[in-house]
Amino acid sequence: MDHRIDTDPRISDLPPVRFDSLAPPRWDAPADADVGPAAVLFVGPRAIGADLTRTGRARVVDHIPPTRIAAHLRTMALPDIVWLIDAETIESETLAEICDAVLAMECALVCETALGALDRVAAMVPASIRTEWLVDADAADRLVALAAASRSLRTAVHDIARDEAMERIDRLQDEVARIARLLGDLSGQRGLAGTPPALAPREENFGESGGLVRSPARDYAAGPRSFEPEERTVHRQRAKAVRRMLRQRRMREQYFPADLFADPAWDMLLDLYAARLERQPVSVSSLCIAAAVPATTALRWIKTMTDAGLFVREADPQDGRRIFIGLADAAFDALARYFEALEE
């Protein structure tokens, strides 16, 4: 049976795929290994793929419609990255099939979507998929996403190819590691990824959890204030103080350039802390807005903070098409100690 593929004519001269190219990527590759450009399967306009190809960091395997991606991944040579452009236009069933195929084939995923559809799309992409998110992306954002997705597949990146985009990624990771260590000091507990072993008490027995953060299910129902226990009253007052701090931080933008004081990690920590005190869920798009930076940058921070154990993904019990972002228990406790110290 004929199987027609709409191949980009500009890459038709590529050599045939070797069988050894189908082997999974090596995680123990030496730092000076020549890994070459990432093989990318695009779903979207050809122009974007052509732009990335010209950078020398990507090799476009094909451009195909969404309905054919799942079958393509299962029958053809495996790409390193599947790149979805305008993911919000893909039918839910088709997107679910794509995610299943990407997960089975162990590819990385780059997902571009509009901010208004972010919650729906993010809820459909499993957390186990190595995903880079883009919202209203420009050429620089796409280059950073390509570099990050490539790094998730190969531990080594050419030192000779390092540029400002790669340096930005390194700075993000270093900053999150610093925040994790700081919160670990404040909480005095184990549970934050990146906390030095010397700071973690050894006598605790975490059982099968291995010290991983587990966020309990939340009850978002609030009772009448006249019957609120003392702890709830304290939480309400603390939440008001945090919201006031956030408003004060936003007021600076009226007098100085917004990017001069950009600190998305801290803004998101404060927003999630206040929301948990208020027993209110926080969607992905809402947290992006609270970060006060471009949505693509905020999404990259959310992913980094989640990987660091500071944030957790929580399913919406009322709507399976949406997820919430919450504070890990250890991060919540560290922030509580921080504000208690401020009040002393």
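Helices here are DSSP runs of H or I with at least four residues, strands are DSSP runs of E with at least two, and both are numbered from the N terminus. By that count, the protein chain holds 11 helices and seven strands. This is a predicted model, in which local features need pLDDT of at least 70 and side-chain atom pairs count only at pLDDT 80 or more, while totals for chains, interfaces and linings use all residues. Residues are numbered from 1 along each chain as its sequence is written, and side-chain values use heavy atoms, with hydrogens and water left out.

**The chain as a whole**

- Of the 344 residues in the protein chain, 44% are buried; buried means under 20% relative accessible area, exposed means over 50%, and partly exposed lies in between (1.4 Å probe, protein chains only).
- The protein chain exposes about 18,600 Å², with 53% of it supplied by carbon and sulfur atoms; accessible areas come from the Shrake-Rupley method with a 1.4 Å probe, and for residues only the protein chains shown count as cover.
- Take the contacts (heavy atoms within 4.5 Å) between residues at least 6 apart in sequence: 66% of them join residues at least 24 apart.

**Helix H1 and what follows**

- In helix H1 (residues 46-54), the buried residues are Ile48, Gly49, Ala50 and Leu52.
- Gly56 follows H1 and has a positive phi, near 85 degrees.

**Surface patches**

- Patches are made of residues with over 30% relative accessible area and no salt bridge, joining like charges within 9 Å and nonpolar side chains (Val, Leu, Ile, Met, Phe, Trp, Tyr) within 5 Å.
- A salt bridge is a side-chain nitrogen of Lys or Arg within 4 Å of a carboxyl oxygen of Asp or Glu.
- Glu91, Glu93, Glu97 and Asp100 form a negative patch; Asp and Glu count as negative, Lys and Arg as positive, and His and the chain ends are not counted.
- For charges, the place is taken as NZ of Lys, CZ of Arg, CG of Asp or CD of Glu.
- Asp100 sits in helix H3 (residues 92-105) and counts as partly exposed because its relative accessibility is 47%.
- Met251, Tyr255, Phe256, Leu260 and Phe261 make a nonpolar patch of about 550 Å².
- Leu260 lies in the loop between helix H7 (230-251) and helix H8 (264-278), and its 54% relative accessibility is why it counts as exposed.

- Most residues other than glycine have a negative phi.
- Glu106, in the loop between H3 and strand S4 (108-113), has a positive phi near 60 degrees.
- Asp136 has a positive phi of about 50 degrees and belongs to the loop between strand S5 (131-135) and helix H5 (139-153).
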